[in-house]
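I begin with the charged pairs and then turn to the overall fold, the confidence and some individual residues.

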Amino acid sequence: MSATRYRRFLKLCEEWPRDETKKGRDLGTFLRQRVAAAFREGENTQIADPEKCDQMYESLARINGNIYRQRFPRVRDTSFTGVTVEECRLLLSGSMQQTDEAKKGLWKTLMERFSKSPEDAPEKAPEK
């Protein structure tokens, strides 16, 4: 029976999309790593809790099949901030963080250069 579970998880991993813009923090990559760790011996792996394993598979299959997106359609593809899906994808990709670091403003650069940590500040003399 664990061979069937293993094959089902492998098929799910093949179907699950990878987002190349999210290196090191992609859900598809994480899922593949967890399946590899859980089924170290492949089809011969003994599963401690088969019911929990089946429940986990069914949950992941529903997410991958967009069941909830179909059941609860959105009126608009924006959030309360007005950011579109593409803008959100761009923000989450990590490329914006690199751009922001490269284009630091003059004020931030000066603040970082001249800011003092609490350890560097001179201690006040006790008042008499």
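**Notes on the predicted model**

1. In this predicted model, a salt bridge joins Arg8 to Glu58, with 2.9 Å between the closest N and O atoms. Because Arg8 belongs to helix 1 and Glu58 to helix 3, the pair ties together parts that are 50 residues apart in sequence. Both partners count as partly exposed, Arg8 at 27% relative accessibility and Glu58 at 36%.

2. A search of the whole structure gives four salt bridges, and another of them is formed by the side chains of Arg5 and Asp54, at 2.7 Å from N to O. Arg5 lies in helix 1 (residues 2-15) and Asp54 in helix 3, so this pair, too, ties together parts of the chain, here 49 residues apart in sequence. Arg5 counts as buried, at 10% relative accessibility, whereas Asp54 is partly exposed at 24%.

3. A further salt bridge links the side chains of Lys11 and Glu15, at 3.2 Å from N to O. These two residues are four apart in helix 1, and therefore about one helical turn separates them. Glu15 is partly exposed, having a relative accessible area of 44%.

4. As for the overall fold, the chain contains seven helices and zero strands, which gives the pattern α-α-α-α-α-α-α when read along the sequence. Of the contacts in the chain with a separation of 6 or more, 57% are between residues 24 or more positions apart. Buried residues make up 16% of the 128 residues, and the accessible surface comes to about 11300 Å², with 54% of that area belonging to carbon and sulfur atoms.

5. Among the elements, the highest mean pLDDT, 93, belongs to helix 3 (residues 50-64), while the lowest, 57, belongs to helix 6 (residues 95-102). Where pLDDT is low, the predicted coordinates should not be read in detail.

6. Arg32 is buried yet takes part in no salt bridge, and the nearest side chain of opposite charge, that of Asp26, is 5.3 Å away; the cut-off for a salt bridge is 4 Å from nitrogen to oxygen. Leaving aside neighbours within four places in sequence, Arg32 is in contact with Cys13, Glu14, Trp16 and Arg18.

7. On the surface, Ile63, Tyr68 and Phe72 form a nonpolar patch, and together they have about 320 Å² of accessible area. Phe72 is found in the loop between helix 4 (67-71) and helix 5 (85-92), and this residue is exposed, with a relative accessible area of 54%.

8. The backbone at Asn66 is also worth a look, for its phi is near 55°, a positive value in a residue other than glycine. Most residues other than glycine have a negative phi. Asn66 is placed in the loop between helix 3 and helix 4, and at 38% relative accessibility it counts as partly exposed.

Notes:
Residues numbered from 1 in each chain as written. Predicted model: local features only at pLDDT ≥ 70, side-chain atom pairs only at ≥ 80, totals over all residues. Heavy atoms only, no water. pLDDT = per-residue confidence, 0-100. Patch = residues over 30% accessible without salt bridge, like charges linked within 9 Å, V, L, I, M, F, W, Y side chains within 5 Å. Areas by Shrake-Rupley, 256 points an atom, 1.4 Å probe, with all protein chains shown as cover. Buried < 20%, exposed > 50% of the residue type's maximum accessible area, 1.4 Å probe, protein only. Lys, Arg positive; Asp, Glu negative; His and termini not counted. Contact = heavy atoms within 4.5 Å.
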